[in-house]
Amino acid sequence: MNDMNVNNWLTAPINKRSFQNVESLFDTIRIKRSSEVPSEIPLNLRSLDSIEIQNIEGQTQSFKDMIASTHTDSFLVLKNGEIIFEEYFNEMNPESLHLMNSITKSFMGMLVGVLADKGVFDIKEKVTKYVPELNDTGFSETTIQSALDMSAAVKFEEDYDQPLCDFWKEAAVVGWRPDLVDDNSPKTLLDFALSLKEKEQEEIEGYHYRSVLTTVLAMVIERATDERVQDLLEKHIWQKLKTEQDAVIVVDKTGLPFAGAGMNACTRDLARFGQMILNDGTYEREQIVPKEWIDSTRMGDDGYRERFAKSDHGAMFPEGHYKNQMWVANSEEMMCVGIYGQTIHINKNTGTVIVKFSSFPEPADEILFANSFILLATVSNSV
């Protein structure tokens, strides 16, 4: 395990350690916690050992077995704002930062909501208004909203099991896949976006999950505000949550964050973020994200649900949709999800927020994800 490096960091079991040490492997920038005392999360711990879960294969597993079999690094349950369960594995602890992968997108989605509410931009505007270089690309008609909703036109392959797909080529820009880099590779995330000339559909024709759309949102945010994304995240979200740790985000050579996957944080601070969403954007009596943004995200509409149902992800959440960089299972349950098993589960019906950091052996193992979602739903409905 001592030979963790940029060439093997995604490989199991090395990822059990590397996902907690991203800052030592790649260029990152810190999103600083507030100088105020961290918000207090009351502890009211109890055992969950009596919970039994029927997994996707129809077998009954104990809570402990399910935690182990889904490669859990940390598991925290908030109920009515109290921590009722918190456990760490693989040398992780409450202070450890862990790679969030696409949970990063949900932070970006909430930040866009804050900035739109402040009048920084209109989400109906085209991204090319702020990044005109994209006029001659697959993003030429993309709006801020279609980027948020993964319903834009650009052709981009995001099949994690394909080692040469576009997602890994974009990730290579920030050093995640050194084997894909040569003299002709894009040097920056903007260069990579500019290389995507083709379209796979009309705007808003269908939902198709593509991380590069979040990268483009980061570019729009920086151009519209003339500020760095990490500074805006720090000011408008991270510090207002009165977090107990800094967060860290992977950046390219220009300092632009890898906004679709690069953020790292501790488990409790993700619980704070989830609790804020559960509370309709409010945390510690302060409205951080507009309630209207959370409501709109949660409710979606028939068009959102139809596009999602027709997609590869439709079977995951039969009543679900995807909006504003959030997964919505139904009107009461929202999720933030990242490859290799990162999850925040937010259930308004039960008043629970569950954070699960993981180190799956493969990025998108369907059985492991299905069992993780069953685990989260069962725990949420049992406590």
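Mentor: Asp 295 counts as buried, at 19% relative accessibility; buried means under 20% relative accessible area, exposed over 50%, and partly exposed in between, with a 1.4 Å probe and protein chains only. This is a predicted model, in which local features need pLDDT of at least 70 and side-chain atom pairs count only at pLDDT 80 or more, while totals for chains, interfaces and linings use all residues. Residues are numbered from 1 along each chain as its sequence is written, and side-chain values use heavy atoms, with hydrogens and water left out.

Trainee: With which side chain does Asp 295 meet in a salt bridge?

Mentor: Side chains of opposite charge can pair when their charged atoms come close. The criterion for a salt bridge is a side-chain nitrogen of Lys or Arg within 4 Å of a carboxyl oxygen of Asp or Glu. Here the partner of Asp 295 is Lys 291, at 2.6 Å from N to O. Lys 291 is partly exposed, with a relative accessible area of 37%.

Trainee: Where do Asp 295 and Lys 291 lie?

Mentor: An α-helix has 3.6 residues a turn, so residues three or four places apart point the same way. Both residues belong to helix H10 (residues 291-299), 4 residues apart, about one turn of the helix. Helices (H or I, at least four residues) and strands (E, at least two) are DSSP runs, numbered from the N terminus.

Trainee: Which residues of H10 are buried, and what covers them?

Mentor: The buried residues of H10 are Trp 293, Ile 294, Asp 295, Thr 297 and Arg 298. Their cover includes H3, H4, helix H9 (267-278) and the strands E11 (321-323), E12 (326-330) and E13 (333-338); contact means heavy atoms within 4.5 Å. After H10 comes Gly 300, with a positive phi near 55°.

Trainee: Which residues does Arg 305 touch?

Mentor: Leaving out residues up to four places away in sequence, Arg 305 touches Met 299, Gly 300, Glu 319, Gly 320 and His 321. Arg 305 is placed in helix H11 (residues 302-309) and is partly exposed at 29% relative accessibility.

Trainee: How many salt bridges does a search of the whole structure find?

Mentor: The search finds 22. One of them joins the side chains of Glu 141 and Lys 126, at 2.8 Å from N to O. Both Glu 141 and Lys 126 lie in the loop between H3 and helix H4 (144-148), so the pair ties together parts that are 15 residues apart in sequence. Glu 141 is partly exposed at 38% relative accessible area, and Lys 126 is partly exposed at 34%.

Trainee: In the salt bridge of Arg 228 and Glu 222, what is the distance from N to O?

Mentor: The distance is 3.2 Å. Arg 228 is partly exposed, at 29% relative accessible area, whereas Glu 222 is buried, at 15%.

Trainee: At what angle do H3 and H8 pack?

Mentor: Axes are lines fitted to C-alpha atoms, for helices over the stretch in contact, and angles run from 0 to 180 degrees between N-to-C directions. Helix H3 (residues 103-117) and helix H8 (residues 229-238) pack at about 80°, with axes 10 Å apart. H3 is therefore roughly perpendicular to H8; angles under 35 degrees count as roughly parallel, over 145 as roughly antiparallel, 65 to 115 as roughly perpendicular and the rest as oblique. Among the contact residues are Phe 107 and Met 110 of H3 and Leu 232 and Trp 238 of H8. The contact divides into 11 nonpolar residues, 1 polar and no charged; Ala, Val, Leu, Ile, Met, Phe, Trp, Tyr, Cys and Pro count as nonpolar, Asp, Glu, Lys and Arg as charged, and the others, Gly among them, as polar.

Trainee: What is the strand order in the open sheet of 4 strands?

Mentor: Strands of a sheet pair through backbone hydrogen bonds, either parallel or antiparallel. Two strands pair if DSSP finds at least two bridges between them. The order here is E1-E7-E8-E6, with antiparallel pairing. Strand E1 (28-31) and strand E6 (98-99) are the edge strands, each pairing on one side only. Between strand E7 (residues 247-250) and strand E8 (residues 263-265) there are 2 bridges, and Val 248 stands opposite Asn 264 in E8.

Trainee: How many bridges join E4 to E5?

Mentor: Strand E4 (residues 72-79) is joined to E5 by 6 bridges, and the two run antiparallel. Lys 79 has Glu 82 of E5 as its bridge partner. The hairpin has 2 residues between the strands, and Asn 80 takes a positive phi near 50°. Strand E5 (residues 82-88) is largely enclosed by the rest of the structure, because 5 of its 7 residues are buried.
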